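Please read the following model alongside its sequence.

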Amino acid sequence: MKPLLLSFLFLFVFYIPKNAQWTLQHEFTGLSGIANPWAVDENVCWGFLTYTSNALGYFKTTDGGSTWQDGSFNIGTVMGISCINARSASTAYFGAYLSGGQWKIIKTTDGGTSWVAQ
């Protein structure tokens, strides 16, 4: 029994941690935070970014994380994001607090090139 227990301990300590490794896929610059990732499928994921300048933006991948894109919400000043509901690589909805004190749902249907408040 003791040799069997030692074998399991050896496997756990030396083998398992070496196979559980993370690799850096992308490094965004000028950020203070990344939040609310929303995976559409195994290839598409959206989320939002907070820059050190307090500006907000979005990030997304359309190829399973091999490449990442980031961008800004070109709809005035977005002061806060509460939630995301992404539907595809081109369509996503964000709950946004806009300057002027209004919560709106902002939507893109062209992958983040343009945004409209609803």
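A polar contact is a pair of N or O atoms within 3.5 Å; within protein, one must be able to donate a hydrogen and the other to accept it, and residues adjacent in sequence count only if both atoms are side-chain atoms. The model is predicted, so local features need pLDDT of at least 70 and side-chain atom pairs pLDDT 80 or more, while totals for chains, interfaces and linings use all residues. Residues are numbered from 1 along each chain as its sequence is written, and side-chain values use heavy atoms, with hydrogens and water left out.

Lys-60 lies in strand β3 (strands are DSSP runs of E, at least two residues, numbered from the N terminus). A polar atom of its side chain lies 3.1 Å from the backbone oxygen of Gly-111, and the side chain also reaches the backbone oxygen of Ala-89 at 2.9 Å. Lys-60 is buried but has no salt bridge, and Asp-110, the nearest side chain of opposite charge, is 7.8 Å away. Here buried means under 20% relative accessible area with a 1.4 Å probe, protein chains only; a salt bridge needs a side-chain nitrogen of Lys or Arg within 4 Å of a carboxyl oxygen of Asp or Glu.

Four strands form an open sheet in the order β5-β6-β7-β8, with antiparallel pairing; strands pair if DSSP finds at least two bridges between them. The edge strands are β5 (78-86) and β8 (116-117). Seven bridges join β5 to β6 (residues 92-98), and Ile-81 has Ala-96 in β6 as its bridge partner.

Ile-81 is also among the residues with the most contacts inside the largest nonpolar core, which has 17 residues. Such a core is a set of buried Ala, Val, Leu, Ile, Met, Phe, Trp, Tyr and Cys residues joined through side-chain atoms within 4.5 Å.

Note on methods. Buried means under 20% relative accessible area, exposed over 50%, partly exposed in between (1.4 Å probe, protein chains only). Lys and Arg count as positive and Asp and Glu as negative; His and the chain ends are not counted.
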